[in-house]
Each structure stands twice: as structure tokens, then as C-alpha cells.
Amino acid sequence: MPIKSYLVHPSEGKKDQLAQKLSNMEHCEVLPAENEEVLILVTETNSKQEEEILKENLEQISDIKLMAMVSGFDTPKNT
Amino acid sequence: MYQSVHTNRRDFIKKMAMLSAMTAAASMFPGIIFAKEQEKGIPAGANLDWKKAPCRFCGVGCGVLIGTENGKAIAVKGDPKSPVNKGLCCVKGYHSIMAMYGKDRLTKPLVKKNGRYVQTSMKEALDLVASKMQETIKDHGKDAVSIYGSGQWTIPDGYVASKLFKGCIGTNNVEANARLCMATAVTGFLTSFGLDEPMGCYEDIDHADTFVLWGNNMAEMHPVLFSRLLDQRLKRGVKIIDFATRTTRTSMAADKSIIFNPQTDLAVANAICYEIINNGWMNKAFVEEHCNFSKGLTNMGYGLEDNYKFTDKPESISFEDYKAFLEDYTPEKVSKLTGVSVKDIKYLAAHFGNPNKKVMSFWCMGMNQHSRGTWVNNLVYNIHLLTGKISSPGNSPFSLTGQPSACGTVREVGTLTHKLPHGVVMNKEHREFAAKIWDVPVENIPSKPTYHTVEMFRALDRGDIRFMWIQVTNPMVTMPKLKRYRDGAKKEGRFIVVSDIYPTPTTDIADVILPSAMWVEREGMYGNSERRTQYFEQMVEPPGEAMSDTMQLIEVAKRMGYEKQFYYKDETHIEEIYTEYRRHHDNKKHNMAPLEVLKSQSGAMWPYVDGKETKWRFNAKYDPACSNGKDFHFYGKKDGKAIIWQRPYEPAAEEPDTEFPYWLGTGRVVEHWHTGSMTRRIPVLHQAMPHAYVELHPDDAKRMQIRTGDNVKLTTRRGEITLPASVNERGVPAPMQVFVPFFDENMLINDITLDSFCPISKEPDYKKCAVKVEKA
């Protein structure tokens, strides 16, 4: 059950659009900064396989200029 | 059957992940705002007045902004201007204001009459407290009255308590619950350096390359600081090594987790020193210039008997003596005892030994609540001293604290039996200095300490103490071997006063319960782990007749005839007390920042000299108190040199045997702050962690056919308790060990713990006793 957090840097002028896109994606929670061009993305998936698929989908988004993982946890399913 | 205790664990992990990312962002974009998260829960259209304060909970001392409207605190967010947390909070911090508004808040004084509590006015209650104290002194002597306070006391609370009891009444029966958590850190600092508190500061985190966490579950106990470590890993690739007796969230997030057998950290630390010397990693120039070698007494005992006394007898030794002593601690010999592989011992040593890496050690209760705690503190200092990795940015042995003012009040004001605000009661000059500022005859202050905390409660049980005033702490949950001390407090002829904000197991033993004003319902200051003193103003009115602990003490002092010493005016008493208190520390080694500075910024670190705080003590580049003309000056010792101590491994007071074959260790959880008297009244935190549990290793659980939620009976020589099991959930103990958090007043694990303590610090060892484990 991986939980990961990322700093996501959007392409120029795309922050709001990107925030909208990410918040519509399954397994994603987004927190945009008010005053800087950066977003926090927290992902929560049910398995490593699902996590890989999500990562692939994220890599397809052209509005993302750079995405850096900050922390990652893998927790048992029953908790 | 209980439901799983970790229903919302994933929410907390998500919060942790979010916080880590926010910290990383705050470092890259100073002043960054995440309004959605920070202002969650603020009513739409609210016209809030935001004011700064240090957080009410742990010793990290995060800066928070509190939003008030119509006389009520309704929102809290991290203060982006605070250098401590840079705008972040942990889950407790974000919910902190809710702790003021629990439904069963104490608002009226209660006096026990014929076995029932009767409401009375504050005036009558304080009259009763003063008269009872005077009557006790008349009948039984001044050492029959006592006060037991806390690291949650504000600086003014602790200061007036010490002045009243030590300066005016004339008894050293002043103790605080920091004896149960930080006393060992104090004696560690004093024996190695001659002065208390860390030489470095949190800024060390931004410079260190390796972090060694000694029995310190930072991810749960100090989450905001831990997120700063994670941020540095992202930015600079630093290494985090978790060295512990149990696998925790910290272990999971660390680069390396090393598990050792309980009590054997002493041996591993000595083995690291052996490796440093034998691999030629010692910083010879630093050691020759700035260090001495000493040894002390061994086989000290464990304080299990009443009136136990111990005084160490330090003796100088040579470097060659020390080197010969370490021959017993080769990695190969130590590995067998500790369960740590030779490879891992060498791995740890190599991090300290690498001259190109800066190393920070963090510790908290694992090393402090230890029957040889002072020794293991000394040993970690040895490692840093041998390598010269100390008192410079990124090289920092750092003892963390658990309460908001364990440092500011208990350690700096000196609310322990042997202490004065400046110095100790045993020293004539220190007594004269305090007596002059307090405006009392020096003869008032006794020259001998009386009772440390465990012995104070033993004295209450024996009847040597007849009156005890307990403020802002909950000893009827936290004392080890609790049953003895609960029964003792309930005996005939004892009079107990408890000042608190909610009913607790401690108010249950009270004859008088005084409702206290909490945190920003009054004005005050806290001092955090990095020597930072932080001010907060009164933002809201306390409920009913609740009154600050400072004012309760002043009122009783006046009733006892000490109007001259307690001259403070109602409107300005906090400023007057702080101004008076600063006189005790008026020197380059400890000067406190003026109040106007504390009001204008997010606190200041002492020593505050010529308008500047001191980030790294004992280093001539940063510390104006250094005067020996060298690069470092450990001025707490007469010759300016720190001490490298020869301290051996010795076993714990009680170890597993055939009858009680498991180790029992106790501790905390991220959702609850200490005994949970505040956080259990915050619905979201209580629901996330509604009751205590016992963690078992999966192999032990399988062998006994125990699953998560099954009831488990724990039996020690002190008694038994039944709790629900937790298997492979939050934390995983090593085989033949169990762990129980102590926050739950309905499952009092301390009824069965042992009251052994470190003979030097007198701090109990809550991490080790022998227990039998059975499926209930």
C-alpha cells in the first residue's frame, strides 16, 4: 500500500490546469501553493503494481515540467 | 474484542508525507503558503486576529499562529516566520486549540468534603491551600511540604514555584516531571561539559551529512523535525541511520535500521569508540587540546530501595588507560552481547570516523529513560569528542525534549531539588546570589537537596511528606510502579492539591482541585530543545474561575506572608517576573534575550549577547563566552576541557528470566501527547487512537496464536494488565519483546513497570523490565 509525496513543478502558466488534472486522477491528492509555481502531490495506491501504472500515467502529463519524490511509505493493507 | 487500533493510520501517514513535501517546498521557496492545508477548518468569512505562540505540545517548539474571533481561538496554522518549523505543524499542532475546549474542562475549584467534591470559590480554595500548607509546616516541618511541577510549566510558573518553596518557605522539595524524561540529558551534559543543554541548534540539520538516531522514534515523536531530515535527504542525499530496539516508522523511513538488544547501546557506543581509535580516525589534535579522560564508580545499583543514595567519584585516567579499557569492546565481542552484527558496528563507526562527513546524533527517551542513562549520554559525547565532531555547524550531539518548556523551565529556571535558577543549592555562592535577587535571607535556602521525583513519591507514601501541590502534570499515569505511589498518595494524613485543566487520574487523588488557565489563556514563555525562549501573549479569557499557575502560586505566597517577595502587579506580573529571572542569568554564558525581543520575533536562543543569539556554544567563532584564545573552549569545566568518560556496559535492573521471559518497553504514539489528557479530548485524535495496545513480534504472536485485537495478559512482579494485541501494525518489536504506549488512563501500563532509575540522574528506566505474556 504505497503512499508517496512529490513536489511537482508545472510547465510555465500551467499550474491551475495541472492541479485540476491531477485532482481528477484516481489515487491522487493535490495541494497547490498559493504564491509559488509548485504543487504537492500525495499518491496512495493499493499495490506496487498500481503504483507503477500511476507513475506511467503521470509521466504522460505534458504540463509537468519536473516531479521530485520527497517521501515514500509502504504500509500494510489492514492499517 | 477491540477493533484494530490503527483504523486511521494511513491518514496519518498521508499527513506525514504531505508535511515532508511542505517542508521541502518551504526550504526551496521561503515564505511559501499552502493556504488550503494551513487554513483548513477556518469558517468562511471569518475575521480572524492572528497572533504568534510556540506550540503547546512537544519540545521542538514549533511556531504557530492562532486565529481568534469573538474571544475564542478558532484556527491554528504554522508560522512561516518561525525558523523552527518554517510554517509547518504536526497533526497535534494543527489541532492544538481544540484542547482548550473539551466538554469537561475544569472551571471551578473543587474541595473534597466527606469523600465528595464540592464547588467553591477560587478565593476560598486558595485560602485553604495556604492554611493547609502552614498547618503542615507547623506540625511536621517545612520539609513535609512539596511541589511537583512540569516541563509544561511556563518559565514564570516554575520561577515563582522555586522562589516560594526554596527561597521563602525554605525547603528544596521542588521537583518536576522532567525528572522522568530529561534529567539524564542534564547529568550527561554536566558530567561531560559542566553545563547543561545542547551546544548546537536545529540549523545543524541543514549542514549534517549523517544523522544517527539513538533509540529515537523521531517520525512519531518529533515529526516536524524529522521532516526536515527527510527534506535534507531529498536535497543533499544525507543518510539517516535508525539505531533502536524496535522497528518503527522511523526505521521504515531511514536509510538503515539497526536493532540492538535492550541496554546494550552502552556496549555498541564503546565499540564505536574502539573502532575510531584503532582505525586512526581519532582527531588527535582536538582531543589533546580540548579533552580530559575520566572514570567513575561502577556497579552503582538501580535505586530500587527507599532512601537509596549514590555519589559518583570521578578519577582522572590517561588515554592509554582508556584505550586498554576499550579492548573489552571490540566489534566481535560486542556483537555477541548486543545482537548487532560486526558489519553494522563498523558501518556506524565509519560514519563517525569519516573526516569528510558531518554527523548529528539525536536521542530522546531511549537513552534518557535508561538505568545507565548518564553513562550512555557520556558515551555518545565520547564519540563526538574523539572525532572532534561537536560545536560546529552539522557536527552536533543533540538531546531532544518532549515537553514545551522542559529546557526553559525545569532546566533553566532549575525546578529540581538540587537546582537554583543559577547554579545549585549545594554551592554557597549560588545560594547567596539567588537569595539576593529573591530578597530573602540566604539561610532560608537549604544547602542539601531533598527528594528527587521517585523518592518524593516514596516520601509521600512513607509520610515524610504530608502536603504535595501538583501542577500541570499527571503523575498518577506516569509514575513507574504506579500502584505503590497511588496508594501512598491516598493514605490518611496526606493533603494533595492538583492544578490542571481537565479531570485526570491525578485529580482523583486530590483534596483540592484548582482549575488552571491553559497556554494562550494567559501570558508566558516556553524554552525549547535548542535553547530558544519563546513568548506568547494572552489571546483569550480562561473559562470560569480558571487561573494561571503563576497567579495561583503568587496568591498562595501572599496569603502565607510573602507579599514583599511577591510584589508583582496583576497587569504586569509576567514582565516583572521575567525581568527578575533574567538577572539570574546575566552573563555571557547564559544571558536571556529581553522581553521586547521575544515579543518581536519567533523567540531567541540563549546565550543572547550584544543583541545576538548564540547558535553554537563552546566554538570561539560563534560563542562570545569563549575566552581561552583557542578555537574551542568548554568553559563549563574549570580547565576549559570536556571529559571523555570510561563507562562500561552493565545490565538492566531486571532482565527476562524463565518466569518473566519477555522485555517490556513503554513509550508514546504520534496522535497523543504524553498521558493524553489533552489530545484524548480532541475527537479526531482520539478516534484515530482510542486506546492502548500491546505490540508483539509476529513470530511470538503466531506461537501463542494471538492476532491483532485479541486480548493479551501481561504480568510482571508488580501486577498484571490486559490489553488488545497489535501484530505487524505500527511498530514491530524484536522477538521476545513487547511494547505498550502509556497514554491511556484506562489501561495503566505503569501499574506494572519498575521504578529502577539511573543512579546519577535519578531518571526511571521505562524501557526495560521483565514480563510474562499470555493470551487472555
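Chain B is divided into domain 1 (9-100), domain 2 (110-181 + 404-567), domain 3 (183-294 + 314-400 + 638-646) and domain 4 (662-753). The model is predicted. Chain B holds 26 helices and 31 strands. Its radius of gyration is 25 Å, close to the 28 Å that the globule rule gives for 776 residues, so chain B is as compact as a globular protein of that length.

**Overall build of chain B**

- Along the principal axes, the C-alpha atoms of chain B fill a box of roughly 70 × 65 × 60 Å.
- Of the 776 residues in chain B, 60% are buried.
- Take the contacts in chain B between residues at least 6 apart in sequence: 73% of them join residues at least 24 apart.

**Domain 1 against domain 3**

- The C-alpha centres of domain 1 of chain B and domain 3 of chain B are 32 Å apart.
- Contact between these two domains involves 15 residues of domain 1 of chain B and 13 residues of domain 3 of chain B.
- On the domain 1 side of this contact, ten residues are nonpolar, five are polar and none is charged.

**The annotated region**

- An unreviewed UniProt entry places the feature "domain: 4Fe-4S Mo/W bis-MGD-type" at residues 48-104 of chain B.
- In the model, residues 48-104 of chain B are 7% helix and 35% strand.
- The end C-alpha atoms of that stretch of chain B are 26 Å apart.

**The largest nonpolar core**

- The largest nonpolar core has 266 residues.
- The members that touch the most other members are Ile40(A), Ala21(B), Phe211(B), Ile272(B), Leu714(B) and Val738(B).
- Helix α1 (residues 9-28) of chain B gives the most to this core, eleven residues.

**Ser627(B)**

- Ser627(B) sits in the loop between β23 (612-613) and β24 (642-646) of chain B.
- Ser627(B) has 12 C-beta neighbours inside 10 Å. The cut-off for an exposed residue is 12 or fewer, so Ser627(B) counts as exposed.
- From Ser627(B) to Gly640(B) is 13 residues in sequence and 9.4 Å in space, C-alpha to C-alpha.

Definitions and conventions:
Residues are numbered from 1 along each chain as its sequence is written. Chains are lettered from A and ligands numbered from 1 in the order in which they are written. This is a predicted model: local features need pLDDT of at least 70, side-chain atom pairs count only at pLDDT 80 or more; totals for chains, interfaces and linings use all residues. A nonpolar core is a set of buried Ala, Val, Leu, Ile, Met, Phe, Trp, Tyr and Cys residues joined through C-beta atoms within 7 Å. A residue is buried if 20 or more other C-beta atoms lie within 10 Å of its own, exposed if 12 or fewer, and partly exposed in between; C-beta atoms are placed from the backbone. Helices (H or I, at least four residues) and strands (E, at least two) are DSSP runs, numbered from the N terminus. UniProt positions are given in the numbering used here, feature names are shortened, and annotations may be inferred rather than shown by experiment. The radius of gyration is taken over C-alpha atoms; the globule rule is 2.2 Å times the number of residues to the power 0.38. Two residues are in contact if their C-beta atoms, placed from the backbone, lie within 7 Å. Domain bounds come from an automatic or database domain assignment. Ala, Val, Leu, Ile, Met, Phe, Trp, Tyr, Cys and Pro count as nonpolar, Asp, Glu, Lys and Arg as charged, and the others, Gly among them, as polar.
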